[in-house]
Amino acid sequence: MFKTMVICDHAFTRAGFQHLIEPCAGFDLQAAAAYSPELVETCARDGYEVVIVDLGSLDQPMKVLRAVRKSCDMVRILAFCSEKGIDMAVDALDAGASGILTYNSEMSDLRVAARRVMNGDNYVQPDMAMDIFAKLRQAEAKRKEAERLRLTARESQVVRHLMQGMTNGQISVELNISEKTVKHYVGSLKDKFGAANRLEVVLEAQRLGV
C-alpha cells in the first residue's frame, strides 16, 4: 500500500480522484486537498510515498511540483494533464514529476505508473509518450547547440538587449560601452548564429532559448 496524497485545486475534480482512488488496491489515500505550503509540510513530515498532482487545476503547476520535490525528495510525483498538454508534461518531468498520466488514463494505468515509479523508473502515458520524447529530444538538441555557441558574458548581455528591441545606441548606454563596441558584438553574434541581420540573431536566440 502506497501512502498517497492528492493535490488538486478544483473541489469537484478532487472529489473524483478520491472516489476512484480510495477503494483502489495498492493506494492508502490519506490526504486530498488544494495546494498550500502547509500541505507540502505535511507530505514531508508524514512520509508520503506517492503524490498525485492535477496540473490543470493549479495556477502555478511547476512551482507546486518544485515545492513538493524540494521538500519531499523521496516522494514519487504522478502528474495528470491533458493529453494535448505536451509542453506541460515535459515541463513537469523537468520540475520533478516521476510519471505523467492524462485525464483519459484508467485506474490500471495509475497502478502501473505507481509501481514503476516506486521501483525507481519513470512512467509516461503511452498515448502521449512519442510526442513527449520528441519534445525532449528537441530540447536536448537546442541545449547542445546553445552550448556549442559558447557566448561570452558580454555577448549574452548584448543579445538579451537585442531581444528587447534596443538599438546599438541604447545598448551602448545600458552597458556603458561605445556604439562601435556594440557593433562589434552584434557582428560577432551574426557570425555565431549564422544570421544575416539583427532580426535573425533575435529569432535564432529565441529558438535556442538563449
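Helices α3 and α4 are roughly parallel to each other (angles under 35 degrees; over 145 is roughly antiparallel, 65 to 115 roughly perpendicular and the rest oblique). Helix α3 spans residues 61–71 and helix α4 residues 86–95; they pack at an angle of about 20 degrees, with axes 9 Å apart. Axes are lines fitted to C-alpha atoms, for helices over the stretch in contact, and angles run from 0 to 180 degrees between N-to-C directions. The crossing of α3 and α4 is right-handed (the near helix is turned clockwise from the far one by less than a right angle; anticlockwise is left-handed). On the α3 side, the contact (heavy atoms within 4.5 Å) involves P61, M62, L65, R66 and R69. On the α4 side, M88, D91, A92, D94 and A95 take part. Six of the contact residues are nonpolar, none is polar and four are charged. Here Ala, Val, Leu, Ile, Met, Phe, Trp, Tyr, Cys and Pro count as nonpolar, Asp, Glu, Lys and Arg as charged, and the others, Gly among them, as polar.

This is a predicted model: local features need pLDDT of at least 70, side-chain atom pairs count only at pLDDT 80 or more, and totals for chains, interfaces and linings use all residues. Residues are numbered from 1 along each chain as its sequence is written, and side-chain values use heavy atoms, with hydrogens and water left out.

Within α4, the residues I86, A89, V90, A92 and A95 are buried (under 20% relative accessible area; exposed is over 50%, partly exposed in between; 1.4 Å probe, protein chains only). G96 follows α4 and has a positive phi, near 125 degrees.

The crossing is right-handed. R154, Q157, V158, H161 and L162 of α7 meet I171, E174 and L175 of α8. This contact comprises four nonpolar, two polar and two charged residues.

The structure holds two aromatic pairs (ring centres of Phe, Tyr or Trp, its six-membered ring, within 6.5 Å; planes under 30 degrees apart are stacked, over 60 edge-to-face, the rest tilted). The F2 and F27 rings have centres 6.3 Å apart and planes at 70 degrees, so this pair is edge-to-face. F2 lies in strand β1 (residues 2–7) and F27 in strand β2 (residues 27–33), so the pair ties together parts 25 residues apart in sequence. F27 is buried, at 2% relative accessible area. F17 and F80 also pair edge-to-face, at 5.2 Å centre to centre and 75 degrees between the planes. F17 sits in helix α1 (residues 11–21) and F80 in strand β4 (residues 76–81), 63 residues apart. F17 is buried, with a relative accessible area of 11%; F80 is buried at 7%.

Key: Helices (H or I, at least four residues) and strands (E, at least two) are DSSP runs, numbered from the N terminus.
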